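Please keep the sequence and the model open while reading.

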Amino acid sequence: MRKLVYYAAVSLDGYIAGPEGEFDFYPMSDDMSWIRERYPESIPTELRAQIDMPADTPNQAWDTVLMGRSTYQAGGMTSPYAHMKQYVFSRTLEPVDNPQVEVVDTDPVELVRTLKRQEGLDIWLCGGGNLAGQLVDEIDRLMFKSYPVIAGGGISALAGNFRPTRFRVVRRREFDSGMQLTWFDRD
């Protein structure tokens with residue numbers, strides 16, 4: 001069965017973006033190219049040429065990406081991850097004229113359960129916090145890029161009802177910028 005993996009950047013105080021969707025406050029470093037090599041599908045299709053990455057680099061971990069409306073619109077691209085099937089959850093967004101992008105206005109839990117039963121690579125929950133909060137019971141793995149930054153406010157990594165959910169650390173890697181990528185599996 002496929003897993004739902006929530007892979008996101010997060011500040012020390014638990015925000016994935018600022019109040020207006022900003023995410024440019026996260027420091028970068030050269031040694032983060034490891035992420036690009038291990039998770040090439042996380043690089044938007046249009047940005048690949050800018051970092052000398054072939055557009056047809058095969059997906060290694062995920063072949064499907066889930067996004068809330070704000071996450072989808074943040075990049076300003078009709079199909080930010082053309083190398084994957086993309087589901088955008090919104091009750092207000094009009095359908096997109098692209099077969100790789102499907103706007104979904106129904107319960108995200110039911111779609112995720114259906115996707116998990118299908119063949120394929122795992123499913124990447126790209127963001128945002130409201131969608132992650134709705135899907136918390138379906139998340140099998142968290143992969144948080146924790147940056148040594150306090151945002152002070154913004155979009156919470158997981159928004160919604162108080163619902164403590166246990167995960168355990170299975171791996172951690174630190175980068176020159178001070179960012180730590182930590183893998184957590186559901187307990």
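Leaving aside its neighbours within four places in sequence, with which residues is K116 in contact? With contact taken as heavy atoms within 4.5 Å, and those neighbours left aside, K116 touches M1, R2, L4, I123, E138 and D140. The model is predicted, so to speak of local features requires pLDDT of at least 70 and side-chain atom pairs count only at pLDDT 80 or more, while totals for chains, interfaces and linings use all residues. Residues are numbered from 1 along each chain as its sequence is written, and side-chain values use heavy atoms, with hydrogens and water left out.

**Helix α3**
- The helix α3 spans residues 108–117, helices being DSSP runs of H or I with at least four residues and strands runs of E with at least two, numbered from the N terminus.
- Its buried residues (under 20% relative accessible area, 1.4 Å probe, protein chains only) are P108, V109, L111, V112, L115 and K116.
- Seen down the axis of α3, these buried residues fall within an arc of 160° (from the directions of the helix axis to the C-beta atoms), so they line one face of the helix.
- K116 counts as buried because its relative accessibility is 7%.
- Elements covering the buried residues of α3 include β1 (4–10), β3 (62–68) and α4 (129–135).

Notes. Buried means under 20% relative accessible area, exposed over 50%, partly exposed in between (1.4 Å probe, protein chains only).
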